[in-house]
Amino acid sequence: MKPAPFQYLAPRSIEETVELLREHGEDAKVLAGGQSLVPMLNFRLARPAVLIDVNSVTGLDGIEVEDGTLSVGATTRQRTLERRLSAGGSGAQDGGWALLGEAAGHIGHLHIRTRGTVGGSLAHADPAAELPAAVSALGATLVARSRDGEREIAPHEFFQGFFTTALRPDELLTRVRVPSWPEGTRSCLLEVSRRRGDFAQVAVAAVVAMADGRVVRAGVALAGVGASTVEAPDVAAGLVGEVPRPQLIAELADDLCARLDPPSDTHGSAGYRRALAGHLLQRALLDATSPTGAAAAA
Amino acid sequence: MGVQTVGASVRRTEDPRLLRGEGAYVDDLRIPGVLHMAVLRSPEAHARIRSVDVGPARALAGVVDAFSAAELGRDQPAIPALFAVESFRPAPQYPLAVDTVRYVGDPVAVVVAESRHVAEDALELIEVDYEPLEAVVDASAAIQPGAPVLHDDAPDNVAATMVYESGDVEAAFAGADRVVRERLDVQRYTGIPLETRGVVAHRDPVTGELTVWASTQWPHTMRTILAGMLGVPARAVRVVTPDIGGGFGVKADFSPEDFLVPYVAGRIGRPVKWIEDRNEHFLAIAHSREQIHEVELALRDDGAILGLRARHITDCGAYQRPLGLVNASLAGTSLGGVYRVPAYRVEAVCASTNKAPASPYRGAGVPEATFARERLFDIAARELGIDRVELRRRNLLTPDELPHDTGLVSLEAAVVLDSGDFPAALDRALEMAGYADFSARQQAARDEGRLIGLGICVYHQVTGTGPFEGGSVRVDPTGEVTITSGAAPQGQGTATMLAQIAADELQVPHESIKVVFGDTGRLPFGMGTYASRNAVMAGTSVVMAARQVRDKARELAAHLLEADPADLELEDGAFTVRGVPTSRVGWAGVAAAATPGGNRPAGMEPDLEAVQYFENMAAPYSYGIHVAEVEVDPHTGYTTVTRYVVVNDAGRIVNPRNAEGQIVGGVAQGLGGALMEELVYAPDGQPQTTSFLDYLVPGSLDVPDVEIAHLASTTPLNPLGVKGMGEGGAIGAHTAVANAVADAIEHLGCRVTRTPLTPAAVWELLRSATAGAPA
Amino acid sequence: MDVQQESVVDPAAAGPAAGVQEVTIRVTVNGAVHERPVPVRTSLVDFLREDLGLTGSHVGCEHGVCGACTVLLDAEPVRGCLLFAVQADGHEVTTVEALATGDELHPLQQAFWEHHGLQCGFCTPGILLTAYDLLRERHGVSEAEIREALSGNLCRCTGYQGIVRSIQAADESWER
């Protein structure tokens, strides 16, 4: 399990990186935390001619708030995100953003999160991954840079399928921007994995903003139920303006699950995943819409 | 008082090195100029090899050698099977596949290169032309007429059929009030030690001796097989085991690489290393456990067992390795457990399939048979309307019925239950687990919509199998004691245990004793570490050797002190004339006198060393009770083990804490088998579980604390009174956990008949129950 | 790192193995600075073991699951198999060999010895470093926190019970 030969490049700046991407294009792979890529290299399932290591690129990491928008750099470590944005973390003022910390905390194990990056997880686009679901639910924007400039991509455009994104070979994912959610927003990420700490069989990310007992804004996305992260705009739309009664939530969940086409594999059938999705979605929405979060604990 | 350490939980002498990172596992050995071997493995489950071209690989810079079966010659030696029963039809594996590959992972060619990286690069350049053949992966399908044939010598894919019987089974079933039958399947899973396999070999240019360092549980057997396959005398091969990072049975095997590394080292005259990577490990390590049991129980209405009749098919995989028949045999003789079974007949069929070869893993057929029996007992109790504990208690052998000869003889040993108190162990475990009020708790949980269950497993295991083990005890002229043992432990704390045993005999601190394992150059005969045999076999050989050294030393001390040997006391490292404390000589003094030319009585041979072989075929059986409590999430099917109790009886225990470590570690593996571990193959023979992402072993969040109590029915079969116990944890836990899950959900209308009970599998059971339930 | 200072054998010369790019790295391991060339595809754990002879870090899976290769990179636990040695250039690495002081075991190691925290010992170095990271800045960790922290390290021998006890004991005995 040793990787095939490759050329290793370690640029220092974003400009230098996008030049290298332009030069090497599809022959190159960006190496960030390496927690998904290096296993694939070791199994020789991936064999890029060139690895462009972005860990030393300045301006790619860090968590900032600009004009009420949260901006997370691509090489920000997942463990940093987890520490800063989890409940009680210094960046968790926004009820929606806490979802990112929660999602990060579900990724692999501590050692993986220490090294794994936010951008790496998003660009890898594993359909079972938590962060893509979280940024989708939050209505975030993914920022890509190439020599030609910068473009912003919405999650549903970015995540195109099984390990496939909208990034062009000459583009680098530089950051993800997350809009602010109103006061009174609660978020919840629930998942079931075969063994604790493993990749989710199904995960549900939900963000709900409430005012006067009614939902004013919502975002829902699921992982592990399709070829890509699955956004559920119908569920969100079905909630907005409503009092989130359990009956309504159950109906919305049932509706969505009937339309899902999850994968079947050695770890579970499509039917199982569909059932998990329905169960987790109900629990997550009950939690996110209850002022105390008591529902999820039950 | 003197030294008395047997029975004490002393710290392990092995640990400081390992904790410092100074352990020396086979991959840690620094051998100058070592080359790296890599193996090209078949990507096909079953195919004819039309051609292999290693030329491009040979041409790569950094490659030293590359070859396929064609270069080994048509008569390359086959890996021998060690047990041949009358019905046995060979299904031998050659080190490199000749003409046909029979499983994904079957070695086809090797490359030796300056680095492992380059060796793997070169593998990609080897061109093999395969003609795919139809594969068969299901053992019951494999033995049906018309199935694809793996070996011409066995056109029905049956490698052997063994029948174990006692009493009149037909009459028992004819006279039964009730017959309960079920098909019960155990999945393919295996040991998965954290250290993969590894072999390093180097031919000494002066002596011509081939030294082989291997992560093996049986260096002497490996030496014998290897010398035979290489066609050289045993003295030309020395096998040494360094530290071993876990074995659990799967390293008591002989696989193609065990031949290929020494062979190629001799062929090119340079040291060669092969460290199995984890991907190879999942493809090619000995797989285990996979059995299909069709079991029938003849019962009287009061629950008394009249007879047990079964047929099981063991999926042996593509080839018969040295111990390929053992799982089937031990399952065949252990189905009856420690119960009174007046009539018994088990037919054990060994089937060949296009999957990795199977061999024993911790329990070796006993976990499978135990699952079949103890699961069936729960099903029978439900059908009879008898409490499952009552059914067991009614049929357990009582102490006054022991020793109990079942009349059955496995490939390993006769099944004679020598000692124990099975009902007392059951009572103790149930008391610890709070069984008396469990049904009330279960009902209360159900009223809240929660599913909890309690599972019981009564298990026994053969331990300390023969035919022998060797040990030497030596006292150097400076007084230091060294034990050399034929054992090859993999983390059991055997060095500490043997030192404790010798320390008591020699009255020296156990920490001062050096223990050396697994070196065929130091001890001519040995068997190794498997079948829970260290305490029984290695321990007894060390007792024998220590006593012989002590007796000789006493004679010599008496000579030095001018006293009668009978007047000498050995205490705290010295012989003293009773009542004359100043008349005293320590081990150094005695051993110095024992050197050639020393002051010895006339006729006494020089040196102070004894080599002893404990030859014994009467295997002690240990037993125990496991009780698991679980909670099953009705929505996700996820099982959490919430409580775990073990009552274990392994006779006298040398080091209780180490023994408990064996139990807890075994429980974790059994829990893995019950809930998460499975080596999955697609119908076309492609393995689906080739990494830790797909093959799940229990992590720290999955395993509960285990509460343990010991009974000690000292066995008369060896001077220490010890029984082995390394496998019981894994045997008991698989079934206790599975029975607990069943207890949590079967009232809903489903039936647990196979493992692993993954969340998805449990959810499917729950769904089937809901679907079948009246609206 | 300065990518201009590398030596590259022409990758096109003779198939895949010939193109072995090497880069000279400067890395601090257990306090000692090492400067030497490494092939870029050499993992950090292989570099530590093969080049520096620090064989206490073990290779158990090479896909980041088992944790046997756990080392500290700039004081944080990482998988040594999922990092190339070249990426450690300019960084500090701590391995199990750094825990003991001369003949004296680290309190963590001592606790593992006293409480049967290991059997075969293969996973132990990685587990020690994970526990070190957990306890270094904290006191009074709960069993649940210990088990959570350990969940990224597989042990096949102990069933984790002895490991958990050992870490609990070290939490008491380690003055920090």
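In what order do the elements of chain C run from the N terminus on?

1. Basis. This is a predicted model, in which local features need pLDDT of at least 70 and side-chain atom pairs count only at pLDDT 80 or more, while totals for chains, interfaces and linings use all residues. Residues are numbered from 1 along each chain as its sequence is written, and chains are lettered from A and ligands numbered from 1 in the order in which they are written.

2. Chain C, order of elements. The order from the N terminus is β-β-β-α-β-β-β-α-α-α-α, made up of 5 helices and 6 strands. Helices (H or I, at least four residues) and strands (E, at least two) are DSSP runs, numbered from the N terminus.

3. Contacts are pairs of residues whose C-beta atoms, placed from the backbone, lie within 7 Å. Counting contacts in chain C between residues at least 6 apart in sequence, 54% join residues at least 24 apart.

4. Chain C against chain A. This interface involves 27 residues of chain C and 26 residues of chain A. On the chain C side, β2 (21-29) and β5 (76-79) each supply at least two residues, and β5(C) has the largest share with 4 residues. The chain C side divides into 14 nonpolar, 9 polar and 4 charged residues. In this classification Ala, Val, Leu, Ile, Met, Phe, Trp, Tyr, Cys and Pro are nonpolar, Asp, Glu, Lys and Arg are charged, and the others, Gly among them, are polar.

5. Chain B against chain C. Here 50 residues of chain B meet 47 residues of chain C. The elements giving two or more residues to the chain B side are α1 (15-19), α4 (116-123) and α18 (656-675) of chain B. Of these, α18(B) gives the most, with 6 residues. By class, the chain B side has 22 nonpolar, 14 polar and 14 charged residues.

6. Domains of chain A. Domain bounds come from an automatic or database domain assignment. Chain A is split into domain 1 (7-53), domain 2 (65-178) and domain 3 (186-293). The centres of domain 1 and domain 2 of chain A, taken over C-alpha atoms, are 19 Å apart, and 14 residues of domain 1 are in contact with 19 residues of domain 2. Helix α1 (residues 14-24) of chain A provides the largest share of the domain 1 side, 6 residues.

7. Domains of chain B. The assignment gives domain 1 (15-22 + 467-615), domain 2 (31-133 + 195-245 + 251-284) and domain 3 (291-464 + 618-772). Between the centres of domain 1 and domain 2 of chain B, taken over C-alpha atoms, there are 39 Å. Their contact takes 14 residues from domain 1 and 13 residues from domain 2.

8. Helix α17 of chain B. Which residues of helix α17 (residues 587-594) of chain B are buried? They are B:W587, B:V590, B:A591, B:A593 and B:A594. Seen down the axis of α17(B), these fall within an arc of 160°, so they line one face of the helix; the arc is that of the directions from the helix axis to the C-beta atoms. Their cover includes β19 (468-475), α16 (534-561), β23 (574-577) and β24 (580-586) of chain B.

9. Nonpolar core. A nonpolar core is a set of buried Ala, Val, Leu, Ile, Met, Phe, Trp, Tyr and Cys residues joined through C-beta atoms within 7 Å. In the largest, with 419 residues, B:V110, B:A502, B:V737 and B:V741 touch the most other members. The largest share of this core, 14 residues, is from α16(B). Leaving out residues up to four places away in sequence, B:V741 touches B:G453, B:V630, B:V632, B:T639, B:V752, B:L757 and B:V762.

Key:
Contact = placed C-beta atoms within 7 Å. Buried ≥ 20, exposed ≤ 12 C-beta atoms within 10 Å, placed from the backbone.
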